[in-house]
Amino acid sequence: MALEQNSSTHPLLPPTTEDQRFDWLRLLRSRRVGISTFYRLMHDHGSAAAALAQLPDIARAAGVENYQICPEGVIQAELKAAGAMNATLICRGDPAYPTALSDLDDAPPMLWSIGASDVLTKPQIALVGARNASSLGGRMARALASGLGEAGFIVTSGMARGIDTAAHLAALKTGTIAVLGGGVDVLYPSENTKLAEDIVAQGGARISEQPMGLQPQARHFPARNRIISGMAQAVIVVEAAARSGSLITARTALDQGREVMAVPGHPFDARASGCNILLRDGARLVRNVDDVIEVLTPMTKAPQDAPRELPLEAPTAPRSLAEVARLHQRILDRLGPSPIGEDQLIRDLGATSKIVSPALTDLELDGRINRQPGGLISRIS
């Protein structure tokens, strides 16, 4: 069966029935269906049900024998777990789907959300930093989060130890969003269980693109970080080492066209080295919340009430599933167990980050590559 692009294309509209939502989830949970492949299948076949019907033949044509789509029982179990946690499935194009996130080429087709859905479409600022934060760093994070909340922003972070925790705590009363690396029902780290409950109880939300019940692993966090930055107008880094996840978030934010800001620190403090590097490279310097508000004004645009028709791909994206598969293989052929820089990989491929980044997200979520601090990537054997 040929894997070339169909002569007709189909707009992506959010599912409107429970059966359609079931099929969306089943398609995305099927083996070897990453985000870009999901969009390509929807583009070619018009619906998740039609894509699921064709998926075994598509896999066979790509050389994958005995392919089985995700069993219905797996999706039924996930939906049951979601119901027990009062989690809501928000699909791309739904009015509650984060508006800024829709602009990304590798935007999650679906998010699980627990808490208030209205906060997801309000103007957001991401506040991230070191897990082993200093006392001054924690104080700065609290001051920024509190001031940004009072100015009308929702504070978004990753509910990790240190700076993330300080930011969430200070923004509880004004609204905060925690983007999790594992399932939305898996509270990690465990000492933040009460914080996770308070975020929901006080009008915020916890979200994740991962299946319910999934325990977070190191490879999940860079993909999580692209959601944190993608939802926000700007990313503020309070403390970060030179090779840290927070710097990956900042690099991702730049690729997404988001504003990057950083709090300066003492040159002898390793926890400030990443922030100082960002400032050297052109990030906005932040001394207090006024520095942030000078740059950004809260967005007042209301979320659209009607379902939005969304583009399925960037103009320069691979044009067929065969091309997606070839791009994945080209990336894997370039990688080995020794990590190389993402920028170097993109240069070696002779491509652009707009093309390569979504493919890297797919490979990472599929457990085939590993992202490391400092923007380094290696192949998982």
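Which residue is the bridge partner of G341 in β12? In this predicted model, the bridge partner of G341 in β12 is L376, and the legends below begin with the sheet that holds this pair.

**View 1. An open sheet is formed by three strands in the order β10-β12-β11.** The 3 strands of this sheet pair in the antiparallel sense, and between β10 and strand β12, which covers residues 376–379, the pairing rests on 2 bridges. Residue L376 of β12 stands as the bridge partner of G341. Strands β10 (340–341) and β11 (369–372) are found at the edges, and because each has a single partner strand, one side of each is left without a neighbour in the sheet.

**View 2. Strand β6 pairs with β2 in the antiparallel sense and with β5 in the parallel sense.** The pairing of β6 with strand β2 (residues 110–115) runs over 4 bridges, and here A205 in β6 is the bridge partner of G115. Strand β5, made of residues 176–179, is joined to β6 by 3 bridges, and in this pairing I207 of β6 stands opposite V179. Between β5 and β6 the chain passes through helix α7 (residues 193–201), giving a β-α-β crossover that is right-handed. In a regular strand the side chains alternate between the two faces of the sheet. Strand β6 (residues 205–208) shows A205 and I207 pointing one way, while R206 and S208 point the other way, and all of these residues are buried.

**View 3. W24, F38 and Y39 come together as one aromatic cluster.** A pair of aromatic rings is described by the distance of the centres and the angle of the planes. The structure holds 3 aromatic pairs. For W24 and F38 the ring centres lie 5.4 Å apart and the planes meet at 70°, so this pair is edge-to-face. This pair links distant parts of the chain, since W24 belongs to helix α1 (residues 18–29) and F38 to helix α2 (residues 35–45), 14 residues apart. The pair of F38 and Y39 is also edge-to-face, with 5.7 Å from centre to centre and 75° between the planes. W24 counts as buried because its relative accessibility is 3%, while F38, with a relative accessible area of 0%, is buried, and Y39 is buried as well.

**View 4. L27 and F38 touch the most other members of the largest nonpolar core.** In soluble globular proteins, nonpolar side chains tend to be buried together. The largest nonpolar core of this model has 63 residues, and helix α3 (residues 48–61) gives the most to this core, with 6 residues. When residues up to four places away in sequence are not counted, L27 touches V33, F38, L41, M42, A48, A51, L52 and L55. Apart from this core lies another core, which has 22 residues, including A145, I236, V286 and V289.

**View 5. The cysteines C70 and C91 are both buried.** With a relative accessibility of 6%, C70 falls under the 20% limit and therefore counts as buried. C91 counts as buried because its relative accessibility is 0%. A disulfide is a covalent bond between the sulfur atoms of two cysteines. With a limit of 2.5 Å between cysteine sulfur atoms, the count for this model comes to 0 disulfides.

Technical notes
Residues numbered from 1 in each chain as written. Predicted model: local features only at pLDDT ≥ 70, side-chain atom pairs only at ≥ 80, totals over all residues. Heavy atoms only, no water. Buried < 20%, exposed > 50% of the residue type's maximum accessible area, 1.4 Å probe, protein only. Pairing = 2+ DSSP bridges. Right-handed = clockwise from strand over helix to strand, strands pointing away. Phe/Tyr/Trp six-rings, centres within 6.5 Å; stacked < 30°, edge-to-face > 60°. Core = buried A, V, L, I, M, F, W, Y, C linked by side-chain atoms within 4.5 Å. Contact = heavy atoms within 4.5 Å.
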